[in-house]
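Hi,

Here is the structure I promised to pass on.

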Amino acid sequence: MSSVEIYSEAVDAMQGHLAAAAICIAVLLSTWMLFRKIHRFNKKLEKLPPGPRPWPIIGHLHMIGKLPHRNLALLSQRYGPLMSLRLGSVPTVIVSSAEMAQQFLKTHDHVFSSRPAMRCAKNMFYDSIDVTFAPYGHYWRLARRICVSELLSPKRLESFRFQREEEVSVITIRSLLEECATVSNPVVDVTKTVSAVVVDILCRMTFGRKYSDNEGYDSRGFRAMIPQVSSLLGAFDIGDFIPYLEWMDLQGFGRQEKEIHKRADGFYEKLIEDHLVQKGSQETRDFVDVLLSVYENSTPEVNLGRDSLKSLLMDMLHAGTDTTSTALEWAMSELLKRPLVMKKAQEELEKVVGLNRKVRESDLPHLPYLQAVVKETLRLYPPAPLMVPHESMDSCTVSDYEIPARTRIIINAWAIGRDPTSWEDAEEFKPERFMGRSVDVRGQDFELLPFGSGRRGCPGIQLAMVVVEFVLGQLLHCFDWRLPDGIQGPDLDMSEKFGISSRRAVALLAVPTPRLPAQAPEPQCS
Ligand code: HEM
């Protein structure tokens, strides 16, 4: 063998060794990187709040069940008031105590004030351009400011007092009295009665009229849409959590939402057209008029499109009606189960208002027991038990846990209201617990959060509280109520169905008997 051949063989062998070494190094490097990644991922998981082990692909979706607030509360008893779940591919944190809620809604409110993208809001609320589902930012701030100042401010609420008193004290009470006069011991559908009065009040305030008026306004089944929208907004849509399955619309929600949107859009278009035709001829400006003037006088800073108008109108109606009537039907359910509590509320009304006239809104501040009944109802039955989901805009450390950006935050107001560490006899309906105590529902006391708190807290609290207290007060003052023959208090079916508001599963039926002299004067509506 020549020296040249020996040299080239040696070079070949060296190249072979080099290649083998390179492969080894590459394998070692990638193994090291993989381990580092796994280690980092595990470290990240270690920093998340505790939670059960997820299933592949669906994560914890199978644990949500039909009554998510109850199932999540049970899970939290095991894993703690801050619990991590993975819903499909969506990292989620469940908050179930007053202390933790304060961390999310007060201490770190600026991080957790956005909303996750949800298909139901995209389909029904014109791509989430309402207040409730809009992500945090300039548009949400503008839309919320308009709704608060033009519809929900104390001054605006006072200007609609006449409509509220007329709907409650005149129209609703008159129709109940008529039923009592025509049938002895009539069985009244309380659920239907309170829903109707709340919807009519909200419609008069926002649209300037009731859509149940006899002019074809409800020909599109508009009234029936309200509970449908509520149940779709509360549903856990698989497409939101496993995005590559969205197109299949496995639960059929997408199809229903689009169908509802089409009907609702027709209604709002007609409403806007009617307002444009009648422009200036109405005595009082309703919310549609206000939105139209913002729309017509748009500036680069204050700019609403026509879809925004429709979306905001729809938002006010849906955020305000089902929630308020849910509170009323649970309050009446508890009172029908507990005649002594009802009696105590009636005695207070008798003392403050007397039996010669009906209740006025101005009486409400003088009725502390009635207020306690309403608070106790909102503690045990927060109408939106899981509120509306929040989303983190950045990563944030809460109680030594690391919550990554874009985590969905679910605050379980239902579990917080029944937390035995905050409430004695937490499962008992006892309005007395609020007598002489300053605990309030307005978002300052985190053990009682029916309206949320902080930037995304409910802007309709004042309206909601007036309507609930006023309707309940009037029903109790004008009538004695009892359950239909054959049903005893303890037997009353108290099962619930889940939606964004958690209503009674079956309608509440009861028998009213008039209490006031027939000619008790109507309140002075001015
Ligand atoms: C008893 C009745 C009501 C209850 C229990 C209730 C409860 C709530 C809750 C829990 C939230 C979510 C808070 C959060 O995410 O932190 C909310 C948001 C909201 N509520 Fe209410 N609400 C009621 C009545 C009303 C009324 C009468 C209106 C207006 C007509 C209204 C308008 C809104 C709006 C617009 C939002 C979205 C706020 C935002 O995202 O910035 N609500 N409400």
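What covers the buried residues of α2? The cover includes β1 (82-87), β2 (90-95), β7, α16 and β9 (496-497). Helices here (H or I, at least four residues) and strands (E, at least two) are DSSP runs, numbered from the N terminus.

Before the rest, two caveats. This is a predicted model, so local features need pLDDT of at least 70 and side-chain atom pairs count only at pLDDT 80 or more, while totals for chains, interfaces and linings use all residues. Residues are numbered from 1 along each chain as its sequence is written, and side-chain values use heavy atoms, with hydrogens and water left out.

Back to α2 (residues 68-79): this helix has 12 residues and reaches 16 Å from its first C-alpha to its last, close to the 16 Å expected at 1.5 Å a residue (the expected span is 1.5 Å times one less than the number of residues). Its buried residues are Pro 68, His 69, Leu 72, Ala 73, Leu 75 and Ser 76; buried means under 20% relative accessible area, exposed over 50%, and partly exposed in between (1.4 Å probe, protein chains only). They sit on the same side of α2 because they cover an arc of only 165° around the axis, taken from the directions from the helix axis to the C-beta atoms. The face turned away from that side carries the exposed Leu 74, Gln 77 and Arg 78. Just after α2, Gly 80 has a positive phi of about 110°.

You'll find Asn 412 in the loop between β7 (408-411) and α16 (413-417), and it counts as buried because its relative accessibility is 0%. Leaving out residues up to four places away in sequence, Asn 412 touches His 69, Leu 72 and Ala 73, among others (contact means heavy atoms within 4.5 Å). A polar atom of the Asn 412 side chain lies 3.0 Å from the backbone nitrogen of Ala 415.

Then there's the loop between α16 and α17 (461-478), where Cys 458 is found. Cys 458 (SG) is the only protein donor of the ligand's iron atom, at 2.3 Å; donors are N, O and S atoms within 2.8 Å of the metal (3.2 Å for Na, K and Ca), and water is not among the atoms, so sites may look incomplete.

Trp 423 lies in the loop between α16 and α17 as well, and is buried at 2% relative accessible area. The Trp 423 side chain reaches the backbone oxygen of Gly 417 at 3.4 Å.

Cheers

Conventions. A polar contact is a pair of N or O atoms within 3.5 Å; within protein, one must be able to donate a hydrogen and the other to accept it, and residues adjacent in sequence count only if both atoms are side-chain atoms.
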